[in-house]
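This briefing sets out selected features of the structure shown below, arranged by topic. Please read it alongside the sequence and coordinates.

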Amino acid sequence: MNNTNSQHEIRAETVPEIAFDTVRRIDGLEEIAANYAPYLADESRLPHQGADYLFFPNDEAELAAVMREMSRQGKPVTISGARTGLVGGAVPAGGAIVSMDRFDKVVDIRYDEGSKEWRLSVESAVSLRDLGDWINKKSFPGLLGRASPETEKQFGLFKEDPRSYFYPPDPTEMSASLGGTVATNASGAASFRYGATREWIRGLRVMLASGEVLDVPRGKYFVTGDRKFTVVNGAGERTPLTLPSYRMPETKKNTAGFFSAPGMDLIDLFIGSEGLFGIITRVEIALEVWHSSISVVQFLPSDEAALDFVIGLREEKDIRPEFVEFYDDGALALLRDRQRENPKFIDMPPIPEDAGAAVFYDIEFDGNAAAPDFSRLEEVTRRCGASLAQTWAGYERRDLARFRHFRHALPETVNSIIGERKKAHPGLHKLGTDLAVPDACLREIWQFYKERLAAAGLEWVVFGHIGDNHLHVNILPKDMDELARGLDIYRDFARKAVDLHGTVSAEHGIGKMKKKFLAVMFTPDELEEMAALKLALDPQAMMNPGDILDIQGAVQ
Amino acid sequence: MRVLVCAKQVPEVTDVQVDPETGTLNRDGVASILNPFCEYAMDLALDLKKGMDDVEIVVLSMGPPQARAALMRCLEMGADRAILVTDRRFAGADTWATALTISKIVEKLDKVDLILVGKHAIDGDTAQVGPELAECLNIPQVTYAVGLELDEKRRRVRVRRETDRGHQVVQMRLPGLVSVSKGAALRRVCSFQDILEARRKELITMTADDLGVDESELGLKGSLTQVVKIFPPVEREAGRVVDGTNPPLAARQVVEFLKDKHFV
């Protein structure tokens, strides 16, 4: 086999066979519902469709035993991470639930000379909160007990390194599992500077439905120029894969559809595939040097001035905010109302009456530096009719926490308003968009949103990740008629975003709840290509039934 | 007119644990902040200055070099300049030695009309340095202020102070010292401009050499008291709560309890 070929094919590892009965297992829906109810739901609150088993495998060998037995029994498998998803991805649709809870350890640490970065190998159920905490304290529970001498040595060097480190992806929900964030290519506010989860993944171990494992480091396996790749199983049988031919949206964030591009790294196929090809058991992540920062809320005269400010910030390559978030005129008005009722809820001074919009950003800042230079930032601000005097800012730890609290005040307010209205109209719910467009289209999509919303006469506010052109338009319907009109508008917005080469799902994913939007973004042929790829890797369609694609003839 | 605000850097108290073995505070990873009562003193100073360009706010802190951060916070809030009084020879100073040291600095400053201090620091909780400072300087003092107002001729301040039963309004001639117990209900938020400008303001350092005081009066040597031991308070058991929604039942429960304890 020549070198070129080996780049385009991967050999699956066989996992030692162990007896299926040794795996911890809960039998029957009744028992699961009585004592393990959380495993039947996720944050979407979508109703489940039953489950026959709940498994708690300890390691890859046990997980493989489960997969082989479920394949034999013809039962599908729903992967259960931390169940923090918003689109029902982890809600079972019959068959087995496989909890990854026991994959909870840091396995390895090493310094990569080539990329000059520290890398950490972590099992998939570790939560982002624990991970962040351990990295911050440079302490990984149990690592030394199971580590090789080389890992021990590397860990010693890591502790001696005077710098602090962190793992940049921050999808806000810190109880999310690392594996879940990889499966969904999770992003958040900080993706503005650091990109989505994908940017920080250096290796994956993925268990296929067959019970075999693919070990996929970044930079080793690539699909061909015409998007083909071959998987060779333990018995030497070759499965050719063809990736979908569609063009990916031109946005930094995207969670709609499988990643596909000519010559791409194989690892990117698994990142964001929502568990349709296999179960992520281990993830190698890259760490970033930590720096202190300041939180700033910049008030601006109007929504349009805020857009100019954001575009100005992006053009200045030396200004690198951690994130850039937007509050439109309506969002500020809503917060002012809240402040009048209860100043403590916002815990901030009164929002200036003349502010027509606000942009919230964090930026690198050293409180001990003698004379920090922010003249470029001052200049950009001035050009948009504002000044650094028209800001709130804070950099002490308690201030960062205070500003973070402020950032959450708006979504909480929207949710509580909808909660009140639900009392009169139980079927009512919030309509929050998750669309993103390329940088060049920010002004265009904003005008489109604003004109359509104003014409509809509905109540709405806009906030969110404007740095990535990923605004959450929130429509607050007062009754079922307004809800229906809001849904129509939402579909129009999705079509417009796709026309602009954007995405229908920037960060929430597709799961079971947003499949209808995939049809806005992809043609029936393209959806067919996705299904064909899925069935090539998972011929029985065992993995995560009902997520992303509706596949006929799946195991049941 | 010159207003001097005394500021202290303290550990962010919600985080601090007392080591039960050594009785010392465990400060690992604990953030340092400006003592909240000193921040309230700044609040009152800034209220006073509002609309009066000729009022200068000078802020002073005696502490380790890191106390610079607490002074910086005051400069961001709007103090005009800052003095950091730092020297290893000050180490171990009790409230008396601290008050004496600060009084020497005040004497060096050209004419101070009003001194504002926090009523106490949230780490030591002694509430002594302010009153002792007034004594060292032989000026009048009013404690536990919640508001103050300058008279037209700027010869007196009217101070609203907390008492156990409510409030009292006291008039004091200047120069004098006021200890502050509460400021604005909402913590002030600075602007980015305030924060950047603070770093261009004057912040000078003074040491023992600048005081002209015999070293025996400074730090541990000059201290009249010593802390022998620090220990966490003994935790008390939670009391029993009687639900009052059914008064006859609640009354019976109370009577049973009192009988049980042989009170009735």
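A:Ser295 has A:Asp362, a residue of strand S17(A), as its bridge partner. This pair is described from a predicted model, as is everything that follows. The strands concerned are S15 (residues 293-300) and S17 (residues 357-364) of chain A, which run antiparallel and are joined by 8 bridges.

**Helices on the sheet of chain A**

**Chain B overall**

- Chain B comprises 6 helices and 13 strands.
- Along the principal axes, its C-alpha atoms fill a box of roughly 70 × 50 × 40 Å.
- Of the 264 residues in chain B, 34% are buried.
- Among contacts in chain B with a separation of 6 or more, 69% are between residues 24 or more positions apart.

**Nonpolar core**

- The largest nonpolar core has 220 residues. Those with the most contacts inside it are A:Val206, B:Val5, B:Ala41, B:Cys74 and B:Leu116.
- Helix H1 (residues 36-49) of chain B gives the most to this core, contributing 8 residues.
- Beyond its neighbours within four places in sequence, B:Leu116 is in contact with B:Val3, B:Val5, B:Ala41, B:Leu44, B:Ala45, B:Val178 and B:Val180.

**Contacts between chains A and B**

- On the side of chain B, 14 residues are in contact with 20 residues of chain A.
- Helix H2 (68-77) and helix H5 (192-198) of chain B are the elements that give two or more residues to the side of chain B touching chain A. H5(B) gives the most, with 4 residues.
- By residue class, the side of chain B that touches chain A divides into 10 nonpolar, 2 polar and 2 charged residues.

Methods. Residues are numbered from 1 along each chain as its sequence is written. Chains are lettered from A and ligands numbered from 1 in the order in which they are written. This is a predicted model: local features need pLDDT of at least 70, side-chain atom pairs count only at pLDDT 80 or more; totals for chains, interfaces and linings use all residues. A residue is buried if 20 or more other C-beta atoms lie within 10 Å of its own, exposed if 12 or fewer, and partly exposed in between; C-beta atoms are placed from the backbone. Two residues are in contact if their C-beta atoms, placed from the backbone, lie within 7 Å. Two strands pair if DSSP finds at least two bridges between them. A nonpolar core is a set of buried Ala, Val, Leu, Ile, Met, Phe, Trp, Tyr and Cys residues joined through C-beta atoms within 7 Å. Ala, Val, Leu, Ile, Met, Phe, Trp, Tyr, Cys and Pro count as nonpolar, Asp, Glu, Lys and Arg as charged, and the others, Gly among them, as polar.
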